[in-house]
Amino acid sequence: MLAERLRETLEGLGTTFVKLGQGLSLRRDMLPDAYRVVLEDLHNRVPPFSSQLAEAAIKDAFGQPAATLFARFDAIPFAAASVAQVHRARTHDGQEAVVKVRRPGVVSQVKTDLLLLRLLVRILLPVWPQLRRQQPLALIDELGMQLLAEIDLDHEARNMRRLQSAIAGLPGVMMPRVVEPYVSPNVLVQEYSSGGVVTDFAGSDRGRAIADQLFNAYLHLLFVRGVYHADPHPGNLFAMADGRLCLHDFGSIGYLDPKARLALARMIAAVPYADADEVLDSALLLGFIVAPVDRREYTRAIGEILDKLESLPVTEWSLAEMVWRISRLGGGERFRLPRHLLVLIRTLFLVENTIRQLDPEFNLLGSFELHRETLAASLSKEAARSRRPVAERAARTADSLSTIASELLRSAMVDDGRPSLTMYHRGLEALQANISRTGNRLSVALITLGLYLAGSLLMQHSIGPRIWGDMPLFAVVAYLLALLLSLRLVLAISRSGHL
């Protein structure tokens with residue numbers, strides 16, 4: 001299978017290409033589903049590097065050898081990947097810990113690979129113009145920034161601290177803490193947490209309980225805190241012996257600002273009522289659809305999506321699928337989503353898939369209905385989020401209105417009683433470009449016609465010097481210029497696809 005061969009090739013090429021494949025799995029606008037699913041399962045397990053290099057990195061990071069820093073340090077790692085490997089350790093106060101050490105040379109390897117990828121794309125663009133539609137150089141830059149952040153263990157520690165505060169007090173969910181102050185770009189020390197991979201409990205009572213825990217956790221993270229673990233595949237979710245769910249691997253986390261949380265909550269709340277207008281407003285606020293739009297056409301299309309979802313069995317209903325279909329409306333060749341929205345969609349798909357593995361009968365829409373109060377709280381908190389009192393905000397608005405009125409009156413007195421108003425338009429850029437392009441083509445066409453007429457007159461009256469026997473030179477030049485401009489017009493029209 002070609003998709004499997006692609007995955008094996010990317011795994012063989014190392015860190016950059018593994019992460020590139022994982023990033024491409026986000027791009028539902030670029031890859032068929034078969035490839036996307038395979039790339040989501042990319043693993044980067046590689047042989048560990050020597051313990052001497054690991055201990056040298058630890059000493060370089062913290063100024064002391066591992067034997068001094070820890071009461072016990074296991075030189076043989078218990079896990080290794082293309083970015084880092086992990087060693088068990090115990091601190092001097094008796095705490096069990098893991099020491100994550102970044103693979104030597106991985107940063108320079110990633111930077112070199114990114115330069116080669118950019119060079120390859122620049123070579124391909126002239127011979128494959130259709131590739132420009134996907135903005136491949138911007139995609140490489142985007143994935144490069146993401147990758148360099150993910151392999152920076154100091155960045156991962158910041159993610160852990162941010163997420164730790166988000167899940168504080170959340171029942172049944174935990175994550176390891178950073179063992180301060182042992183953090184650097186190359187080495188990260190964190191609490192050790194044991195447990196089994198959650199899919200080991202699929203279909204059991206424990207699996208159903210974990211599915212509920214996972215749903216509740218993401219409901220809280222997405223709608224209450226606005227920060228969430230962005231890679232919740234089963235390998236990063238552990239079931240602890242005490243019944244808690246433990247999150248792992250924090251190289252990537254996602255964020256939702258208050259307005260985005262409000263919009264997502266409104267979208268979900270509108271689904272049971274098939275309120276296409278409310279869903280469209282929410283999609284515009286989130287940025288899945290970019291204004292201006294034909295509101296009637298989009299409302300009709302969203303209504304069809306909601307009708308199709310309503311006809312599905314409750315165990316197959318998918319919020320991620322609904323959001324994805326809405327984001328694709330009117331996309332076509334110009335479709336491109338910002339990375340933060342792609343991360344949100346991918347996270348929703350991963351959460352839903354993991355929940356359904358654990359509990360095939362899980363009713364996602366019904367669970368949202370049961371937690372309607374959480375969504376309602378998300379709606380009401382945004383309205384009260386401004387720190388300014390209502391009276392002060394009203395006073396500021398009144399002051400602004402009085403200023404605007406005085407400016408209009410002053411303008412009226414200066415302009416003989418006729419106030420000038422400046423109007424700005426949006427969404428006419430494409431029309432302006434088309435009009436400008438059409439004017440240019442008409443100008444070139446008129447010049448071409450003039451050259452053909454001039455050449456014909458020069459040919460008829462045999463004016464000027466001769467070439468090729470009795471052929472007037474000026475007439476030949478006029479015909480050649482006219483022919484070149486004609487070809488230019490034909491090529492321009494063929495590339496645009498419009499006569």
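This is a predicted model: local features need pLDDT of at least 70, side-chain atom pairs count only at pLDDT 80 or more; totals for chains, interfaces and linings use all residues.
Mentor: Residues are numbered from 1 along each chain as its sequence is written, and side-chain values use heavy atoms, with hydrogens and water left out.

Trainee: How many residues of strand β3 are buried?

Mentor: Strands (E, at least two residues) and helices (H or I, at least four) are DSSP runs, numbered from the N terminus. Buried means under 20% relative accessible area, exposed over 50%, and partly exposed in between (1.4 Å probe, protein chains only). Strand β3 covers residues 84-90 and is mostly covered, the number of buried residues among its 7 being 5.

Trainee: Which strand do 7 bridges join to β3?

Mentor: Two strands pair if DSSP finds at least two bridges between them. Strand β1 (residues 72-73) runs antiparallel to β3, with 2 bridges, and β2 (residues 79-80) is likewise antiparallel to β3, with 2 bridges. The antiparallel partner joined to β3 by 7 bridges is β4 (residues 96-102).

Trainee: Are α8 and α9 roughly parallel or roughly perpendicular to each other?

Mentor: Axes are lines fitted to C-alpha atoms, for helices over the stretch in contact, and angles run from 0 to 180 degrees between N-to-C directions. Helix α8 (residues 153-167) and helix α9 (residues 205-225) pack at about 100°, their axes being 10 Å apart. Angles under 35 degrees count as roughly parallel, over 145 as roughly antiparallel, 65 to 115 as roughly perpendicular and the rest as oblique. The two helices, α8 and α9, are therefore roughly perpendicular.

Trainee: Which residue forms a salt bridge with R90?

Mentor: A salt bridge is a side-chain nitrogen of Lys or Arg within 4 Å of a carboxyl oxygen of Asp or Glu. R90 is partly exposed, at 32% relative accessible area. Its closest N and O atoms in the salt bridge are 2.8 Å apart, and the partner is E96.

Trainee: Is R346 buried or exposed?

Mentor: R346 forms a salt bridge with D231, with 3.4 Å between the closest N and O atoms. R346 lies in helix α14 (residues 339-358), 115 residues from D231. With a relative accessible area of 13%, R346 is buried.
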